[in-house]
Amino acid sequence: ASLIDFVPGLDSYEHLTVVTLARSASGTDVVMELEPLHDQDWTDRIVAGRTNELDNLHQLLAATTTG
């Protein structure tokens, strides 16, 4: 869980992200599930951030397996 304590005018609250790793025929499948935040705009922001994290992980893994 992460503490959401940076939104002006909103009391702090916990936000859950669950990451599941599963072995697959091609390697490892990564699934990230997020609870929605207090509104759609902030939910979209965290989805964009988590998507960026997964993209960075993919690039890192691709670079280490090919280079």
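Modeller: Let's start with a rule: rings of Phe, Tyr and Trp (for Trp, its six-membered ring) pair if their centres lie within 6.5 Å, and planes under 30 degrees apart count as stacked, over 60 as edge-to-face and the rest as tilted. What you see is a predicted model, where local features need pLDDT of at least 70, side-chain atom pairs count only at pLDDT 80 or more, and totals for chains, interfaces and linings use all residues. Residues are numbered from 1 along each chain as its sequence is written, and side-chain values use heavy atoms, with hydrogens and water left out.

Colleague: Okay, what do we call the pair made by the rings of Phe 6 and Trp 42?

Modeller: There's one aromatic pair in the structure. The ring centres of Phe 6 and Trp 42 lie 5.8 Å apart and their planes are at 50°, so the pair is tilted.

Colleague: And how many residues apart are Phe 6 and Trp 42?

Modeller: Helices (H or I, at least four residues) and strands (E, at least two) are DSSP runs, numbered from the N terminus. Phe 6 sits in the loop between β1 (2-4) and β2 (13-15), while Trp 42 is in helix α1. The pair links distant parts of the chain, and the separation is 36 residues.

Colleague: Is Trp 42 buried or exposed?

Modeller: Buried means under 20% relative accessible area, exposed over 50%, and partly exposed in between (1.4 Å probe, protein chains only). Phe 6 is at 48%, so it's partly exposed. Trp 42 has 18%, which means it's buried.

Colleague: Which residues make up the largest nonpolar core?

Modeller: A nonpolar core is a set of buried Ala, Val, Leu, Ile, Met, Phe, Trp, Tyr and Cys residues joined through side-chain atoms within 4.5 Å. In soluble globular proteins, nonpolar side chains tend to be buried together. Here the largest core has five members: Ile 4, Val 7, Leu 37, Trp 42 and Ile 46.

Colleague: Leaving aside neighbours within four places in sequence, which residues is Val 7 in contact with?

Modeller: Contact means heavy atoms within 4.5 Å. With those sequence neighbours set aside, Val 7 contacts His 38 and Trp 42.

Colleague: How many salt bridges are there?

Modeller: You need a side-chain nitrogen of Lys or Arg within 4 Å of a carboxyl oxygen of Asp or Glu. Asp 41 and Arg 45 meet that way, at 3.2 Å from N to O. Glu 53 and Arg 50 form one as well, their closest N and O atoms being 3.2 Å apart. The count comes to two.

Colleague: Is Arg 50 buried or exposed?

Modeller: Arg 50 and Glu 53 both lie in helix α1, three residues apart, about one turn of the helix. Glu 53 is partly exposed, because its relative accessible area is 41%. Arg 50 comes in at 17%, so it counts as buried.

Colleague: What's the area of the nonpolar surface patch?

Modeller: Patches use residues with over 30% relative accessible area and no salt bridge, joining like charges within 9 Å and nonpolar side chains (Val, Leu, Ile, Met, Phe, Trp, Tyr) within 5 Å. Areas come from the Shrake-Rupley method with a 1.4 Å probe; for residues, only the protein chains shown count as cover. Helix α1 gives the most to the nonpolar patch, with three residues. Val 19, Leu 21, Val 30, Leu 57, Leu 60 and Leu 61 together make a patch of about 530 Å².

Colleague: Last one: is Leu 21 buried or exposed?

Modeller: Leu 21 is in strand β3. Its relative accessibility is 60%, so Leu 21 counts as exposed.
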